[in-house]
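Thanks, everyone. I have one model to go through, starting at a single residue and ending with the whole chain.

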Amino acid sequence: MDFIPSYVKLLHNGELRIRAETAYKNLASCTSCPRDCEANRIKGEYGICTSGYLPVISSYTPHFGEEPVLSGTRGAGNIFFGNCNLKCIYCQNYEISQNPLSEKKNEVTHERLAEIMIELQNKNCHNIGLVSPTHFSATILKSIYLASQKGLELPIIYNTNGYDSVDMLKLYDGIIDIYLPDFKYGNSVFAKKYSLVDNYFEKAKEAIKEMFRQVGDKPVYNKGVIVRGMIIRHLILPNDLSGTKKVFQFIAEELSPDVHISLMSQYYPTNKTYKDILINRSIFNSEYEKALELLDRYGLQNGWIQEMESSGTYRPEFNNDRINPFKN
Ligand code: SF4
């Protein structure tokens, strides 16, 4: 039998509408992420993410570059949101994440976002992938509600940088079937320096614990593709700026060694990395090997490991092709 996503049940009992309304109210004094700006986004104020109340869609497409269990054979139905609540100096998607004036033209109504979800379903994608949804988390639920009324029945992936509000995540409980958080740093000092954010490690631990509480460590598969579960991504940064040991230790000891990890080696210097010598290079083989050793040391056996060559091949281009930024 085909998988029925959790939110379908919440649509029928009225809970999905209530959650969407509750989340939307947060926009009047935004605490959608741990920045807690308290900006009134409905009245046109901006917080650090420079985003209003309408979602900004930079691109949407069937995407084949996710982990194989998410892309499957028909692609993940990815929706790339513009702007971001982090300000990573090494962001590989900086054209869309750190360019608010340009992205303003990509604002869409909630109804249009719901239509996009249906379009991706009609293209036979396996799922809907919300990419960098955190700063629009208070508003996306409204579109999920509208799309589910129109027949959306794909599992939804919450593909986030990990700097999420626990209260907001609780509103997504039973709506998101697949959590795909980055766990970017095991050291908040480096997070402050390279992503301009306070307390990343502490806040990401709280958020990822909540995601784990909701979906657990045993993915559910349907015909080889994950329909429910969690994968934690960790990007190896040069000079251990990503604090890999602390990240893996937390996952193994405070979540579960059975959690699926996606270890990423694709880092390459870009954006403003020329300003800092510690981060202005790709990773060394020795750093890659060290991360593999740490996976072993903490007994993290489940997941995927990117090959070392990935830094040369995974380079999204958003300026030239908004329909399919990863086509190269
Ligand atoms: S989502 Fe944006 S406005 Fe809201 S708290 Fe985070 S950075 Fe501030």
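Start with Asn271, which touches Cys88, Ile89, Tyr90, Cys91, Tyr94 and Gln98, leaving aside residues up to four places away in sequence; contact here means heavy atoms within 4.5 Å. This is a predicted model, where local features need pLDDT of at least 70 and side-chain atom pairs count only at pLDDT 80 or more, while totals for chains, interfaces and linings use all residues. Residues are numbered from 1 along each chain as its sequence is written, and side-chain values use heavy atoms, with hydrogens and water left out.

Where is Asn271 found? Asn271 sits in the loop between β8 (260–264) and α12 (285–297). Helices (H or I, at least four residues) and strands (E, at least two) are DSSP runs, numbered from the N terminus.

The side chain of Asn271 reaches the backbone oxygen of Cys88 at 3.3 Å. A polar atom of that side chain also lies 3.4 Å from the backbone oxygen of Ile89.

Is Asn271 buried or exposed? Its relative accessibility is 18%, so Asn271 counts as buried; buried means under 20% relative accessible area, exposed over 50%, partly exposed in between, with a 1.4 Å probe and protein chains only.

Now the whole chain. Of its 328 residues, 59% count as buried. Among contacts between residues at least 6 apart in sequence, 73% join residues at least 24 apart. The chain has 12 helices and 9 strands. Along its principal axes, the C-alpha trace spans about 50 × 45 × 35 Å.

Conventions: A polar contact is a pair of N or O atoms within 3.5 Å; within protein, one must be able to donate a hydrogen and the other to accept it, and residues adjacent in sequence count only if both atoms are side-chain atoms.
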